[in-house]
Amino acid sequence: MSTFNVPTKNEVSANNQAIFTQLEKGLGFVPNLYAAFAHSETALGNFLAIGNGKTSFSAKEKEVINLAVSQVNNCVYCLSAHTAIGKMNGFTEEQILELRVGKASFDTKLNALANFSRSVAENRGAATPEAVENLYAAGYTKGNLADAIILIGEITITNYFHKTTDVAVDFPVAQALEVATI
């Protein structure tokens, strides 16, 4: 397998250099996965346009989706990044581990969202009728379902990109799940 390097700011286009500057200001650094998108003139900007789009979900709810889907796709980079982000959004380590398996015993509404997200990812877009019904029963709307599918697509992009490129993880590496946890 060839090595997919992480380009520096000086190795990318002027357009991507400007995006790197914005990321450095907002995040304090350019995550390796984002930098790797900058091999393309357009991929990083296109991806960030999706990621920065408006949604009906809170930051916490977005992390529920990111963690459940990244676990299904077994993406160590995204699990690591979203474990860190999940903690910044108030989740405990134990809650994060639970969310990764598509559950949230600590919150009924988040439980439905985690289960729905996992179901969509596991079934390649075809969530089980039960997962959809539980999403609605928890108070989510058809608009929320549409937004969830967009967010599932967004995290799936990064999951697949990392699984293909295997760029270095630049977040504290997420704890592996015990077989009994799954």
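Ser 119 is part of helix α7, which covers residues 108-122, in a model that is predicted. With a relative accessibility of 5%, Ser 119 counts as buried, because burial is assigned under 20% relative accessible area. Apart from neighbours within four places in sequence, the contacts of Ser 119 are Ala 126, Ala 127, Thr 128 and Ala 131.

Helix α7 also packs on α9. The two axes lie 11 Å apart and form an angle of about 55°. At that angle α7 is oblique to α9, and the crossing of the two helices is right-handed. From α7, the residues involved are Phe 116, Ser 117 and Val 120; from α9, they are Leu 145, Ala 148, Ile 149 and Ile 152. Sorted by class, this contact contains six nonpolar residues, one polar residue and no charged residues.

The loop that joins α7 to α8 (129-137) contains Arg 124. The phi angle of Arg 124 is near 50°, a positive value in a residue other than glycine. Arg 124 has a relative accessible area of 83% and is therefore exposed. Asp 166 is not a glycine, yet its phi is positive, at about 55°. Its relative accessibility of 53% places Asp 166 among exposed residues, since the cut-off for exposure is over 50%.

Attention now turns to helix α5. Buried positions in α5 are Tyr 77, Cys 78, Leu 79, Ser 80, Ala 81, His 82, Thr 83 and Gly 86. These buried residues pack against four helices, namely α2 (32-37), α4 (59-72), α6 (93-100) and α9 (142-165). Just beyond the end of α5, Gly 90 adopts a positive phi of about 100°.

The packing of α4 against α5 can be described in detail. Their axes come within 9 Å and cross at roughly 155°. The two helices are therefore roughly antiparallel to each other, and α4 passes α5 in a left-handed crossing. On the α4 side the contact is made by Glu 63, Asn 66, Leu 67, Ser 70 and Gln 71, and on the α5 side by Cys 78, Leu 79, His 82, Thr 83, Ile 85 and Gly 86. By class, four of these residues are nonpolar, six are polar and one is charged.

A further pair is formed by α1 (residues 14-27) and α3 (residues 43-51), whose axes are 9 Å apart at an angle of about 40°. That angle makes α1 oblique to α3, and their crossing is left-handed. Here Asn 16, Ile 19, Phe 20 and Leu 23 of α1 meet Leu 44, Gly 45 and Leu 48 of α3. The contact of α1 with α3 has five nonpolar and two polar residues, with no charged residue.

| Helix pair | Angle between axes | Axis separation |
|---|---|---|
| α1 and α3 | about 40° | 9 Å |
| α4 and α5 | roughly 155° | within 9 Å |
| α7 and α9 | about 55° | 11 Å |

Note on methods: Residues numbered from 1 in each chain as written. Predicted model: local features only at pLDDT ≥ 70, side-chain atom pairs only at ≥ 80, totals over all residues. Heavy atoms only, no water. Buried < 20%, exposed > 50% of the residue type's maximum accessible area, 1.4 Å probe, protein only. Contact = heavy atoms within 4.5 Å. Axes fitted to C-alpha atoms, helices over the stretch in contact; angles between N-to-C directions. Parallel < 35°, antiparallel > 145°, perpendicular 65-115°, else oblique. Left-handed = near helix turned anticlockwise from the far one by under 90°. Nonpolar A, V, L, I, M, F, W, Y, C, P; charged D, E, K, R; others polar.
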